[in-house]
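Subject: Structure handover

Hello,

Here is the structure you asked about. My notes follow it.

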Amino acid sequence: MKKTLITLTIFIAFSCKSQIIPQNNAYVEIPNNAYIKDTENFLNNFVGTWHYQKGNEQFSITLLKVLHKDYGSYYNDIIIGEYKYIDSNGTTIVNTLSDINIPSIHHNISGAKSLIRLEYPKCPECNVGEYRIKSFFYDPERKYQNLAIVFRSISATQIKIKLYTEGVSTTTGPNAIDEMRVPAGEYILNKI
């Protein structure tokens, strides 16, 4: 009887746990309370401060890893971040870097959807089996824009990002500007 009770207790304890889905294998239907977990610690490749510079133009991003982010019906390990962009004239266009340590539900870079090489935006130079991470990218002055950023790990000290408009912006009036303040395109950033 004692062994049966112990076995039943262990079974119930494991049954109540959420189903863990590896981050790079999250192409399945996600059951309620599932946990999309960074089992390979792939997101660690992007944690840190990264910098791009071409002449006066500069783009800096700081990224952190957040574990077990609650999305209501499931949980996900994600990256969050903030950024600074200085245009080719040396003018600071946007700077949210100081917001990185503010505990918040919303950061200007947030999410971690795994992409394989043939998913949009396609990555013909990616190896078979290599995956990238897609996140939301927000402009704090133009929240109506639907922007995305894709991260690709090149090495321990270098990442490649692709910044683009995803879908149609939901402009909020006739004077709403649809042009991105950080230019769309690909950037290679070095870890600092």
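Tyr52, Phe59, Tyr83, Tyr85, Phe137 and Tyr187 are linked by ring pairs into a cluster. Rings of Phe, Tyr and Trp (its six-membered ring) count as a pair if their centres lie within 6.5 Å; planes under 30 degrees apart are stacked, over 60 edge-to-face, and the rest tilted.

Before the rest, the ground rules. This is a predicted model, where local features need pLDDT of at least 70 and side-chain atom pairs count only at pLDDT 80 or more, while totals for chains, interfaces and linings use all residues. Residues are numbered from 1 along each chain as its sequence is written, and side-chain values use heavy atoms, with hydrogens and water left out.

Aromatic pairs

There are 12 aromatic pairs in the structure. In one of them, the ring centres of Tyr52 and Tyr187 are 4.9 Å apart and the planes meet at 85 degrees, so this pair is edge-to-face. It links distant parts of the chain: Tyr52 is in strand S3, Tyr187 is in strand S11, and 135 residues separate them. Strands (E, at least two residues) are DSSP runs, as are helices (H or I, at least four), and both are numbered from the N terminus. Tyr52 and Tyr187 are both buried. Buried means under 20% relative accessible area, exposed over 50%, and partly exposed in between (1.4 Å probe, protein chains only).

Tyr120 and Tyr164 also form an edge-to-face pair, 5.5 Å centre to centre with 85 degrees between the planes. Tyr120 sits in the loop between S7 and S8, and Tyr164 in strand S10, 44 residues apart. Which of these is buried, and which exposed? Tyr120 is exposed, at 58% relative accessible area. Tyr164 is buried, at 4%.

The charged end of Lys69 sits over the ring of Tyr71, 5.5 Å from its centre. The criterion is NZ of Lys or CZ of Arg within 6 Å of the ring centre and within 35 degrees of the ring normal.

Nonpolar core

The largest nonpolar core has 29 residues. A nonpolar core is a set of buried Ala, Val, Leu, Ile, Met, Phe, Trp, Tyr and Cys residues joined through side-chain atoms within 4.5 Å. Phe59, Ile61, Phe137, Phe151, Ile161 and Val182 have the most contacts inside this core. The largest share, five residues, comes from S5. Ile161 touches, beyond its neighbours within four places in sequence, Phe59, Ile61, Ile149, Val150, Phe151, Gly185, Glu186, Tyr187 and Leu189 (contact: heavy atoms within 4.5 Å).

Disulfide

The search of the whole structure gives one disulfide (cysteine sulfur atoms within 2.5 Å). Cys123 is joined to Cys126, S to S 2.0 Å. The torsion about their S-S bond is about 80 degrees, so the disulfide is right-handed. Both Cys123 and Cys126 are buried.

Two single residues

Gln145 lies in the loop between S8 and S9. Gln145 counts as buried, at 3% relative accessibility. A polar atom of its side chain lies 3.1 Å from the backbone oxygen of Glu179.

Ile20 is in strand S1 (residues 20-22). Ile20 counts as partly exposed, at 49% relative accessibility. Leaving aside neighbours within four places in sequence, Ile20 is in contact with Tyr35, Lys37 and Thr39. The C-alpha atoms of Ile20 and Tyr75 are separated by 9.3 Å, with the two residues 55 apart along the chain.

Regards

Note on methods
A polar contact is a pair of N or O atoms within 3.5 Å; within protein, one must be able to donate a hydrogen and the other to accept it, and residues adjacent in sequence count only if both atoms are side-chain atoms.
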